[in-house]
Amino acid sequence: MSLHAVRPWRHIERRKSRQIHVGPVAVGGDAPISVQTMTNTVTTDIRGTIEQVQRAAEAGADIVRISIPDEASSRALKEIVAESPVPIVADIHFHYKRGIEAAEAGAACLRINPGNIGDEKRVREVIAAARDHGCSMRIGVNAGSLEKHLLDKYGEPCPEAMVESALDHIRILEDNDFFEFKISVKASDVFLAAAAYQGIAEATDAPIHLGITEAGGFVSGTIKSAVGLGNLLWSGIGDTIRVSLSADPVEEVKVGFEILKSLGLRHRGVNIISCPSCARQGFDVISTVAELEKRLEHIKTPMSLSIIGCVVNGPGEALMTDVGFTGGGAGHGMVYLAGKQDHRIANEEMIERIVAEVEKKAAEIDAARAASEAEAAE
């Protein structure tokens, strides 16, 4: 039985959008919400950029964006695309020819910014290159780089100006019979971004790329992104997301997945439910969780783990998780499997035992899924 059937308050009705593709990754329609990040290496550092793309992909990134600021970067892109395990989006600003070169180099998608890409003639040339080379496109409106005529009209960046910018460029693409595009209307201000996204969601059926741009450092940027993106995703808006942090791109991917996991929109890896700890804790919860996060990074199978310091909430949380540990007394605690008490262990054995139980459960889940898929294919 679906969890939504018994817990309807968990249901999110996603906005109906048309579906496009970024390489093999479907975006929009009924496709899973994809997670993106962007490299922060110098693109002409081919080996360093490829290594960062690979680390992001290993962390779960479905799509990676790379900045193409000059012709040398366009040349480097061809080698990067050839070794990338995920589709590459070429980020284009100011120089429309970089978009044409990126399409020729094998980019799966071209991101153009209406505020700085140039006049309609140049946009049409980029559209032609995208069509010729099987690229999709993203219209990336940003509050910090709106067109001058819109700033003159509205006086400042506002939701109406951002939506108008997006619709103007949607018109150009559609007038040229190009529909393989998605749209974003990003701002660093959470309120402005949310209002702009709500406006564009009502105005078009194009897939929407969500982001709070220039959100800040790891802590502040994570919070702003969780508030802004969480609000929009909860209301059903968003087909692909990028969390913009002044941090390692791998951290962006992790935060993006955690936001989606918290809303039940995407599942990957171990979801650890843990208490903040207090004087009742039967073991050092904080250091234990930190160690388990590192030790379980290799698990990609969606599953849940509860690590609770005492019996106030521990047994109740363990009822809802695949594996659990609740602190007790005299240096021991209780291991729960599939919501039921299984055995007691000493605190010093806990981390190794929990890792082993999680790995075992992940293998069981994977085997059951493979058997189900094989049966369905017969």
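This briefing describes the protein chain as a whole and then a few of its local features. The structure is a predicted model, in which local features need pLDDT of at least 70 and side-chain atom pairs count only at pLDDT 80 or more, while totals for chains, interfaces and linings use all residues. Residues are numbered from 1 along each chain as its sequence is written, and side-chain values use heavy atoms, with hydrogens and water left out.

**Overall form**

- The protein chain holds 13 helices and 15 strands, where helices (H or I, at least four residues) and strands (E, at least two) are DSSP runs numbered from the N terminus.
- For 378 residues a compact globule would have a radius of gyration near 21 Å, and the 23 Å of the protein chain agrees with this; the radius is taken over C-alpha atoms, and the globule rule is 2.2 Å times the number of residues to the power 0.38.
- The C-alpha trace of the protein chain spans about 75 × 45 × 40 Å along its principal axes.
- Of the contacts in the protein chain with a separation of 6 or more, 63% are accounted for by residues 24 or more positions apart, a contact meaning heavy atoms within 4.5 Å.

**Surface and charge**

- Buried residues make up 51% of the 378 residues in the protein chain; buried means under 20% relative accessible area, exposed over 50%, and partly exposed in between (1.4 Å probe, protein chains only).
- The accessible surface of the protein chain comes to about 17,200 Å², and 53% of this surface belongs to carbon and sulfur atoms; the areas come from the Shrake-Rupley method with a 1.4 Å probe.
- The protein chain carries 40 positive and 53 negative side chains, and the centres of these two sets lie 1 Å apart; Lys and Arg count as positive and Asp and Glu as negative, whereas His and the chain ends are not counted, and each charge is placed at NZ of Lys, CZ of Arg, CG of Asp or CD of Glu.

**Features from the UniProt record**

- An unreviewed UniProt entry places the feature "domain: IspG TIM-barrel" at residues 17-256, with positions in the numbering used here, feature names shortened, and annotations that may be inferred rather than shown by experiment.
- Over residues 17-256 the chain is 47% helix and 18% strand, with the end C-alpha atoms 21 Å apart.
- The UniProt annotation "binding site", also from an unreviewed entry, covers Cys275, Cys278, Cys310 and Glu317.
- Cys275 lies in the loop between β11 (270-274) and α11 (285-295) and is partly exposed, with a relative accessible area of 22%.
- Leaving aside residues up to four places away in sequence, Cys275 touches Val285, Ile307, Ile308 and Gly309.
- Cys278 lies in the loop between β11 and α11, and at 36% relative accessibility Cys278 counts as partly exposed.

- Phe94, in the loop between β5 (88-92) and α4 (96-105), has a phi near 70 degrees, a positive value in a residue other than glycine, and Phe94 is exposed, with a relative accessible area of 55%.
- In α4 itself eight of the 10 residues are buried, among them Tyr96, Arg98 and Glu101.
- The cover over the buried residues of α4 includes α3 (71-83), β5, β6 (109-112) and α5 (120-132).
- Just after α4, Gly106 takes a positive phi of about 105 degrees.

**A further positive phi**

- Asp177 is not a glycine, yet has a positive phi of about 55 degrees; Asp177 lies in the loop between α7 (159-175) and β8 (181-186) and is exposed, with a relative accessible area of 59%.
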